[in-house]
Amino acid sequence: MREAGVVILGAGVAGLALARLLWERGLRVLVVAEDLGEASRTPVALVNPLRGKRFTLAEEGEEALERALAFYTRFAELHLEVFRPVPEAERSKVAERLSGLRHRFEAGGVVLEEAFWLEPRPLLARLAQGLPLLRGRVRAWVPPFLELEGGVRVRGEVLVYAGGGRGAHLLGLKGRHIPGLVLALREGFPRAVSYRVYLAGSALGGSYLPGEEAYRLPPPTEGEVEWLLAGAEALVGFRPRVVSCWRGTRFRLPGPHLFPVEGGFALTGFGSTGFLHAPLLAERLASRL
Ligand SMILES: Cc1cc2nc3c(=O)[nH]c(=O)nc-3n(C[C@H](O)[C@H](O)[C@H](O)COP(=O)(O)OP(=O)(O)OC[C@H]3O[C@@H](n4cnc5c(N)ncnc54)[C@H](O)[C@@H]3O)c2cc1C
C-alpha cells in the first residue's frame, strides 16, 4: 500500500498545480491519475478573465490572472495579449470593467495585455516532473483511502479530488459536462483572438454542443465544425484550413471550485476557466494544508 500526507486524485492542471506547490513546500504528496490531464489536454488554453457575450469579468478575475501569470511563467512559454472585439457602443462599459487590468483599445476591440495563451501538454509534463505519481484508475473514494482497479489501495492523511468531470461520479458531484472541440489548423495566430470561438497558436476552439449531466466524449458533428469555422471567419475574415481535431469535455459546478469533501477537499468544476483559476485556488488550498 502507498501512502502520503496529501494524496491528490487527478493530474490535470488543478491536481498538478496543487501537487507542485505542496511538493515545493516540502509536504509528502502523491498524485494518483490514469493519465496527465483529461480536459487539460486541450491543444491550447487561453487564460483570459474577460468572458462571454456580455463582457463579464470572471470571478476574482484580476487576482486569478495575476497568480496564473506568476505561476505558469515558471513552467511554460506564455503568449501574451488576447484581442477581444468590442462594438463601439459597449466600449465605455468594457473600459470600466477592465479598470484593474492592463489593456488598450485598438480598432474594433480591446487588447488584454496580460491575458495569454499557452500549450497545456508541455506545461503538464513540466509540472509533473519529479513529482511522485502513481498511474492507475481509481474506482472508489473511501477516506482515508483511494481504491484503485487491480486491488491497490492508497492512503492519504488528506485526500484531494482534482479528477475533473471524468471522476466526478466517485464523489457524486453533480455538474454540467460541456463538450468542446478544438481544430488544429495549418495557419498560426500568434496573438489570441476571442469572441464566441477562439483562435490561438494553430488552434480554433469553442463549445457548440449543449451541456449534459453525465461525462461523455461525443464524436464531432458537422454542425460543430461549420460553427467553429464560421466563428473564425467572423473574427479574422477567412476560414482557416483544418488538419485534425481534439474533443474534450468541460466540467462546471455551480458553486465554488474549492470546497471540503469527506476526507479532504475538492478542487474542481472550473468549466472553461480551469487554467485561469487553478493557480489561485491551488495556492489557497496549499496554504491550508
Ligand atoms: C475544448 C475545450 C477547450 C478549453 N479551453 C480552455 C481555455 O482556453 N482556457 C481555460 O482556462 N480552460 C479551458 N478549458 C477548460 C479546462 O480544460 C478545464 O477547466 C481544466 O482542464 C480542468 O482541469 P482539471 O485538472 O480540473 O481536470 P482534468 O484536466 O479533466 O484532469 C482530470 C484528471 O483526473 C484523472 N482522473 C479522472 N478520473 C479518474 C479516475 N477514476 N482514476 C484515476 N484518474 C482519474 C485524469 O486522468 C486526469 O489526470 C477547455 C476545455 C475544453 C474541453
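**Phe259**

I looked up the contacts of Phe259 and, leaving aside neighbours within four places in sequence, found Phe265 and Ala266. I count two residues as in contact if their C-beta atoms, placed from the backbone, lie within 7 Å. The model is a predicted one: local features need pLDDT of at least 70, side-chain atom pairs count only at pLDDT 80 or more, and totals for chains, interfaces and linings use all residues. Residue numbers start from 1 along each chain, as its sequence is written.

I place Phe259 in strand 16, residues 258-261. Strands (E, at least two residues) and helices (H or I, at least four) are DSSP runs that I number from the N terminus.

**Whole chain**

I count six helices and 17 strands in the chain. The chain is as compact as a globular protein of its length, because its radius of gyration of 19 Å is close to the 19 Å that the globule rule gives for 289 residues. I take the radius over C-alpha atoms, and the rule is 2.2 Å times the number of residues to the power 0.38. Along the principal axes, the C-alpha atoms fill a box of roughly 60 × 40 × 30 Å. I find that 45% of the 289 residues count as buried. Of the contacts with a separation of 6 or more, 71% are between residues 24 or more positions apart.

**Strand 1 and its partners**

Which strands does strand 1 pair with? I treat two strands as paired if DSSP finds at least two bridges between them. Strand 1 (residues 2-9) runs parallel to strand 12 (residues 153-161), with seven bridges joining them. I note Gly156 of strand 12 as the bridge partner of Ala4. Strand 1 also pairs with strand 2 (residues 29-33), in the parallel sense and over four bridges. In strand 2, Leu30 is the bridge partner of Val7.

**Strand 13 and its partners**

I next followed strand 13, residues 176-195, which runs parallel to strand 6 (residues 79-85) and is joined to it by two bridges. Ala192 of strand 13 stands opposite Val82. With strand 15 (residues 242-252), strand 13 runs antiparallel, and ten bridges join the two. In strand 15, Cys245 stands opposite Leu183. With strand 14 (residues 197-206), I find strand 13 paired in the antiparallel sense over eight bridges. Here Gly201 of strand 14 is the bridge partner of Phe189.

**Backbone geometry**

I then checked phi and omega. Most residues other than glycine have a negative phi, and most peptide bonds are trans. What is the phi of Arg196? Arg196 is not a glycine, yet has a positive phi of about 65 degrees. I locate Arg196 in the turn of the hairpin that strand 13 and strand 14 form with one residue between them. Arg196 counts as partly exposed because it has 17 C-beta neighbours inside 10 Å.

Glu81 likewise is not a glycine and has a positive phi, of about 90 degrees. I place Glu81 in strand 6. Glu81 is partly exposed, because its C-beta neighbours inside 10 Å number 18.

Where is the cis peptide bond that I noted? It joins Pro143 and Pro144, with omega about 5 degrees. Pro144 is in the loop between strand 10 (138-142) and strand 11 (145-148).

**Helix 1 and helix 4**

Val13, Leu16, Ala17 and Arg20 of helix 1 make the contact with Pro120, Leu124, Leu127 and Ala128 of helix 4. I sort these residues into seven nonpolar, no polar and one charged. Nonpolar covers Ala, Val, Leu, Ile, Met, Phe, Trp, Tyr, Cys and Pro; charged covers Asp, Glu, Lys and Arg; the others, Gly among them, are polar.

Key: Buried ≥ 20, exposed ≤ 12 C-beta atoms within 10 Å, placed from the backbone.
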